[in-house]
Amino acid sequence: MLFGPPGAGKGTQSEVLLQRYGLVHLSTGDIFRYNIKNATELGLQAKAFMDKGELVPDSLTISMLESEVVKHQEPKGFIFDGFPRTSAQAEALDRFLNSRGTTITCMLALEVDEEELIKRLLNRASTSGRADDADESIVRNRIAVYNRETAPVAGYYQACGKYRGVQGVGTVNEITTRLCAELDAFVQ
Ligand code: AMP
């Protein structure tokens, strides 16, 4: 599980890690955007929340994530990127994985300060084409929502010794090295 506020580098690092470890990358944000692009019912429902920088309701998000997981036959493992984002999602994920005889290996959390996040997201807007990156008030709302609803999820994994914080500032390579050091300690 790759955790951290919007703009922390979860997507970038997921791309590197999935190749290195042979994992399946599941980004709930990417899946919602794919659904919006293809004008599905789920996309239409999600868009109303995403445009405001709010979270998509848990019920929609959890059922979407579960239906993505079961599409993969005997995967080596998953990188969950942007999920879980609420305590209810974390609890649902635990129940779902337990029912499949597996569990979360670890939560790696990218730590980046707030002003750096805002700078990165506004910069990213020119290449991401994402409306929720382009408007500073929406960017700030996404970070506020993260602090209010998502940050507490870390406590859930801290309590069972599966949480590792990693400094998310530096070159992509430096950050990858830090993440791999933590992940290797769990998987070896
Ligand atoms: P991201 O691509 O991770 O920055 O997510 C973009 C937007 O998608 C978020 O601001 C939310 O509106 C929505 N989203 C992504 N993942 C979740 C999730 N796990 N729970 C609720 N909403 C989500």
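Contact here means heavy atoms within 4.5 Å of each other, and helices (H or I, at least four residues) and strands (E, at least two) are DSSP runs numbered from the N terminus. This is a predicted model, in which local features need pLDDT of at least 70 and side-chain atom pairs count only at pLDDT 80 or more, while totals for chains, interfaces and linings use all residues. Residues are numbered from 1 along each chain as its sequence is written, and side-chain values use heavy atoms, with hydrogens and water left out.

In helix H4 (residues 58-69), Asp-58, Thr-61, Ile-62, Leu-65, Glu-66 and Val-69 meet Ala-88, Gln-89, Ala-92, Leu-93 and Phe-96 in helix H5. By class, this contact of H4 with H5 has seven nonpolar residues (Ala, Val, Leu, Ile, Met, Phe, Trp, Tyr, Cys and Pro count as such), two charged ones (Asp, Glu, Lys and Arg) and two polar ones (the others, Gly among them).

Turning to the aromatic rings, those of Phe, Tyr and Trp (its six-membered ring) pair if their centres lie within 6.5 Å, and planes under 30 degrees apart count as stacked, over 60 as edge-to-face and the rest as tilted. By this rule the count comes to four aromatic pairs, including the two tabulated here.

| Pair | Centre distance | Plane angle | Type |
|---|---|---|---|
| Phe-3 and Tyr-146 | 5.9 Å | 50 degrees | tilted |
| Phe-78 and Phe-80 | 5.7 Å | 10 degrees | stacked |

Because Phe-3 lies in strand E1 (residues 2-3) and Tyr-146 in helix H8 (residues 136-150), their pair ties together parts that are 143 residues apart in sequence. Both Phe-3 and Tyr-146 are buried, a term for under 20% relative accessible area, with exposed over 50% and partly exposed in between (1.4 Å probe, protein chains only). Phe-78, Phe-80 and Phe-83 form one aromatic cluster.
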